[in-house]
Amino acid sequence: MSVLLLVLSALVLIYFSIGGKTAAIVMSVATLVGVANDGWHLLSFVIGGLLLALALLITLPGDLRLDKFSRPLLGWVRSRLPKLSPTEQEALNSGSVDWDGELFSGKPEWNKLLDAAPAHLTSEEQAFLDGPVEELCKMLDDWQITHEHYDLPDKVWKFIRDKGFFGLVIPKEDGGLGFSNTAHSEIVMKISTRSVSAAVTVMVPNSLGPGELLMHYGTDDQKHHYLPRLAKGKEIPCFALTSPVAGSDAGAIPDKGIVCKGEWNGKEVLGLKVTWNKRYITLAPVATLIGLAIKVYDPEHLIGDQDDIGVTCVMVPRETDGVNAGARHLPMNTVFMNGPTWGTEVFIPMEQVIGGQDMLGKGWKMLLECLSIGRSISLPALGTGAGKLASLATGSYAYTREQFGRTISQFEGVQEALEPIAGYTYMMDAARLLTAGMLDRGVRPSVPSAVLKYRNTDLMREVINHAMDVVAGRGVITGPRNFLARAYQAVPIGITVEGANILTRSLMIFGQGAIRCHPFIVEEIEAAGMEDEDKAAKQFDGIFYRHLAHTTRNALRAFVLGLSKGWLETAPRQGDIQKYYRQLGRFSAAFALMTDVTLLTVGGGLKARQRLSGRMADCLVQLYYATAVIKQWHEEGYPDDQRDLVEWCLQTCLHDLQDSMRDAIINFPVPALRWPLRLLVFPLGATGLNGPDDKLGAKVAATIVNDTPVRQRISRGTFINMDPDDPLGRVLNAYNLANETAEMRQRLHEAIRNRDEDELDGIALLMGHQRKELVDWACAQGIIKADECPKMEEALTALYDVIRVDAFDADGLKALAKGAKGKRKVVERPAKG
């Protein structure tokens, strides 16, 4: 009895994070009670003594604990903590921690999520979306852009410049529109539903590039000169980071700048002799201001004692002698301007270093902090836009396309594809808005930006693939009628750029997050790296025991919540989704435990354990997206018509989270820990979270088929065109007519099914071929009233037009090919120079 009392006392103290003197007092009382109950029983005395000793250890006088325990522990911890390179250390210090830190804590404070200021638009921003953005979308013909012009038309370039699309986020005092990050995201998303090429053209100057860097790090002179010109499109910017041999790894780039003196505007000044070779640079073919990431060296010590200054961001005017740009890449049949740029020993003055000479060597941190902003907006918005377009178009098509006398949206196989289109699109949108809200609160979300970029582009691929399966032959034939082809072709672009998804998942998300978001690891690494041993030991002493209690608490929480299937976890009552809060709290504790065990046992070898890192990244992704869905439903007031979507998203995330954590445990690189971890995290087995059932799946599929407010919510932000001659408008027009005539067509189908064999006098039953004859017969038979006949014929014509695809004769194909003739030229950097 005394042993049970002692153990329960210790567990309660740990579970509720009670430490220090209070813990020592409680354990002393428990020991005395045990002794009084059982006498001087050896087992109770030993266990009580050990637990009491542990409590007293934490409350020992500082110097005694420091010398006897903390100093030796520090040496051992140094051997386990990952060794960070200078660039990794800068990455670790960049950005800020927000809701991601709560997920790593093991006990998320849900009010921090629910009470955080949400993403929102001002009336001015909404007016811009309803005005210039809408007008721009009307000007875009994606088929002409990608197959005839291979560029945006001149009038579109002019409109983008004149209306300030290149200065969305530049402050008003500098000539820009001064819009929020949420507005930037909404604008890019809407344009992307019309033309990926146009969306990329708008988003790049507003994300990572000279403008963003100048806003945060530029000198006053640089801001006053360049920002108004960038905002008005008088300067077209690009930023060149990617090198052929180093990718986007700034620590490995060979591009360099040598500190020297040279001539600039007729005067000898201190500057850099820059040599670079970059590729895949968006807007490089038309850029007038080329931003570069280079490594700076000072071999003659003109500015200091160091030879290697480090990564630096500079601006090179396009007209500078020696600059090469203008050639184009063609990324997957999207035609946004993208190409290589290079130069050899091109001289620029120090005034062209972003931030001036004082910012030499600080470019990597600048890039990381700005990248966390741009990466949170551009591609996630593009992915969400693709999902919204697919939801709207594919749901409409599935309703209008009929087979065997009924719409294919009623077929379970088709519903199985429509279900993830709707659910994943809602999920992408929720995560996009959660992260945009962080940005607008001043957070620089380095870890969430990686999570969002990876997952939204991955879900874009899932959604578009399912959409292509539903649309089938209608989607694989290229031509002006195709409403999915460009989104399908653009998928690999999103997957690849701004940190390829394989790299982002297997190295960045968990590798950076496990350290950056951990409540204690950063301070422990700092302590381990201090040269002053006394100072290091004191800082470590103030952290390590709290870390030990944190890990123990999460192990206990994971086990107890696993045994109770989460029911012992407290949860907010809003929305009546407590069971999901409880499961997320349970898995947050398990995730925090797995993080600590991984860092303790794998340590610096984590970079080589990319399967483990990738699975742990997947766990974080599911936690983040599930909580984003909760946040978005909360902000919209818990509308009941979205409940099916919300439950589908939460069940899907929890099922995938369970699978990812199970895979991480059964493949854990320290085999001896696999069973203990399985026992702590899944004491009752990895069961019970089976994902959405077929009934819920059918309801979710219906959300993008039925003409309801929730369908409009899923596709909110899409450019809507009802023109029957437009690729999307053709489908939407048919969808509206199909809804208007649903009851009439049902009568017609019933009559056809019940007809006598010769009753139609040989009229083909394929409605697309003899529509007028069919409608005339139906009217004559009284199946359709006379005043319904025109609408019925219009609907049947539209329904047939939806399934038609483009066909080109030989001359038509030659005309298409002629548009590209003479433009296919391979341009590489010269072998010499």
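This is a predicted model: local features need pLDDT of at least 70, side-chain atom pairs count only at pLDDT 80 or more; totals for chains, interfaces and linings use all residues.
**Salt bridges, a disulfide and surface patches**

R716 is partly exposed, with a relative accessible area of 41%. The side chain of R716 meets that of E636 in a salt bridge, with 3.5 Å from N to O. The two residues are 80 apart and link distant parts of the chain: E636 sits in the loop between α24 (610-635) and α25 (643-666), and R716 in the loop between α28 (709-714) and α29 (727-740). E636 counts as partly exposed because its relative accessibility is 25%, and the range for that class lies between 20% and 50%.

The structure holds 32 salt bridges. Side chains of opposite charge can pair when their charged atoms come close. Another of these pairs is R441 with D98, where the closest N and O atoms are 2.9 Å apart. R441 lies in the loop between α16 (412-440) and α17 (446-471), and D98 in the loop between α5 (86-93) and α6 (99-105), so this pair ties together parts that are 343 residues apart in sequence. R441 is partly exposed at 32% relative accessible area, and D98 is partly exposed at 25%.

A salt bridge can also be found inside one helix. K791 and E794 meet at 3.7 Å, N to O. Both lie in helix α32, 3 residues apart, which is about one turn of the helix. K791 has a relative accessibility of 31% and counts as partly exposed; E794, at 39%, is partly exposed too. Elsewhere, salt bridges that share partners join E186, K388, D429, R432, E636, R713 and R716 into one network.

Helix α32 also takes part in a covalent link. The count of disulfides comes to 1. This disulfide joins C779 to C789, with an S to S distance of 1.7 Å. C779 lies in helix α31 (residues 771-780) and C789 in helix α32 (residues 789-803), so the pair ties together parts that are 10 residues apart in sequence. The torsion about the S-S bond is about -120 degrees, and the disulfide is therefore left-handed. C779 is partly exposed at 24% relative accessibility, whereas C789 is buried at 12%. Two further cysteines are buried: C260, at 12%, and C619, at 0%.

F165 is found in the loop between α10 (154-162) and α11 (181-192), and its relative accessible area is 0%. F165 and V133 are 32 residues apart along the chain, and their C-alpha atoms are separated by 8.9 Å. S376 lies in helix α15 (residues 363-400) and is buried at 2% relative accessibility. S376 and S185 are 191 residues apart in sequence, with 8.8 Å between their C-alpha atoms.

The surface carries patches of two kinds. E412, E416, D693 and D694 form a negative patch. One of them, D694, is found in helix α27 (residues 694-702) and is exposed, with a relative accessible area of 71%. A nonpolar patch of about 220 Å² is made by V476, I477 and V805. I477 is located in the loop between α18 (473-476) and α19 (485-496), and at 33% relative accessible area I477 is partly exposed.

Technical notes
Residues are numbered from 1 along each chain as its sequence is written. Side-chain values use heavy atoms; hydrogens and water are left out. Patches are made of residues with over 30% relative accessible area and no salt bridge: like charges are joined within 9 Å, nonpolar side chains (Val, Leu, Ile, Met, Phe, Trp, Tyr) within 5 Å. Accessible areas come from the Shrake-Rupley method with a 1.4 Å probe; for residues, only the protein chains shown count as cover. A salt bridge is a side-chain nitrogen of Lys or Arg within 4 Å of a carboxyl oxygen of Asp or Glu. Lys and Arg count as positive and Asp and Glu as negative; His and the chain ends are not counted. The place of a charge is taken as NZ of Lys, CZ of Arg, CG of Asp or CD of Glu. Helices (H or I, at least four residues) and strands (E, at least two) are DSSP runs, numbered from the N terminus. Buried means under 20% relative accessible area, exposed over 50%, partly exposed in between (1.4 Å probe, protein chains only). A disulfide is a pair of cysteine sulfur atoms within 2.5 Å.
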